[in-house]
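Here is a short briefing on one protein chain. Keep the structure open while you read.

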Amino acid sequence: QVQLVESGGGLVQPGGSLRLSCAASGSISSINTMGWFRQPPGKQRELVATITNDGTATYGDSVKGRFTISRDNAKNTVYLRMDSLKPEDTAVYYCAAGDRFSWSPHWYDYQGQGTQVTVSS
């Protein structure tokens with residue numbers, strides 16, 4: 001089993017920045033890909049960004065150029081730096097971990113409880 005603990009959500013004004021963190025513990029040797037999905041109110045969960053063990057990053061089209069994903073392998077932690085935030089970025093953000101990359105959140109064996117990000121003036 002793998003446990004994921006998320007932190008860093010909150011309320012921010014449009015144009016502002018936030019950083020999310022996701023710390024993994026447990027049977028992490030089985031994990032190849034970690035990342036973030038988000039679910040806006042009334043919508044389906046969508047990929048935000050993922051990163052593999054070799055550092056390959058994938059971003060959703062709506063966040064390219066604004067969000068940056070990184071990982072600290074020594075701390076088993078993935079970070080999501082979100083800049084130039086827009087109201088449409090408002091969502092619950094979920095950390096996810098799995099043994100391979102997929103665009104679908106259903107492929108990831110482990111997901112966190114979620115952290116709310118609200119972008120509003």
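**Strand pairing and a salt-bridge network**

Arg 71 stands opposite Val 78, a residue of strand E8. The model is predicted.

**Strand E8 and its partners**

- Strands E7 and E8 run antiparallel and are joined by 6 bridges.
- The E7 and E8 hairpin has 4 residues between its strands. Asn 76 in this hairpin takes a positive phi near 50 degrees.
- E8 also pairs with strand E3, which spans residues 18-26. These two strands are antiparallel as well, with 6 bridges between them.
- Leu 18 has Met 82 of E8 as its bridge partner.
- Is E8 largely enclosed or largely open? Of its 6 residues, 5 are buried, so the rest of the structure largely encloses E8.

**Strand E5 and its partners**

- Strand E4, residues 33-39, runs antiparallel to E5 and is joined to it by 6 bridges.
- Thr 33 faces Thr 52 of E5 across this pairing.
- The hairpin of E4 and E5 has 6 residues between the strands. Gly 42 in this hairpin has a positive phi near 75 degrees.
- Strand E6, residues 57-59, pairs with E5 over 3 bridges in the antiparallel sense.
- Ala 49 has Tyr 59 in E6 as its bridge partner.
- E5 and E6 make a hairpin with 4 residues between them. In its turn, Gly 55 shows a positive phi of about 90 degrees.

**Thr 58 in strand E6**

- Thr 58 sits in strand E6.
- Is Thr 58 buried or exposed? Its relative accessible area is 19%, and the limit for buried is under 20%. Thr 58 therefore counts as buried.
- Leaving aside residues up to four places away in sequence, Thr 58 touches Leu 47, Val 48, Ala 49, Thr 50, Phe 101 and Trp 103.

**The salt-bridge network**

- The structure holds 6 salt bridges.
- Which residues are linked in a network of salt bridges? They are Arg 38, Glu 46, Arg 66 and Asp 89.
- Arg 38 meets Glu 46 through their side chains, at 2.7 Å from N to O. Glu 46 is partly exposed, at 30% relative accessibility.
- Arg 38 is buried, at 3% relative accessibility.
- The side chain of Arg 38 also forms a salt bridge with that of Asp 89, at 2.9 Å from N to O. Arg 38 lies in strand E4, while Asp 89 lies in the loop between strands E8 and E9, so this pair ties together parts that are 51 residues apart in sequence.
- Asp 89 has a relative accessibility of 0% and counts as buried.
- Arg 66 and Asp 89 meet in a salt bridge too, at 2.8 Å from N to O. This pair links distant parts of the chain, 23 residues apart. Arg 66 is in the loop between E6 and E7, and Asp 89 is in the loop between E8 and E9.
- Arg 66 counts as buried, at 11% relative accessibility.

Definitions and conventions
Residues numbered from 1 in each chain as written. Predicted model: local features only at pLDDT ≥ 70, side-chain atom pairs only at ≥ 80, totals over all residues. Heavy atoms only, no water. Pairing = 2+ DSSP bridges. Salt bridge = Lys/Arg side-chain N within 4 Å of Asp/Glu carboxyl O. Buried < 20%, exposed > 50% of the residue type's maximum accessible area, 1.4 Å probe, protein only. Contact = heavy atoms within 4.5 Å.
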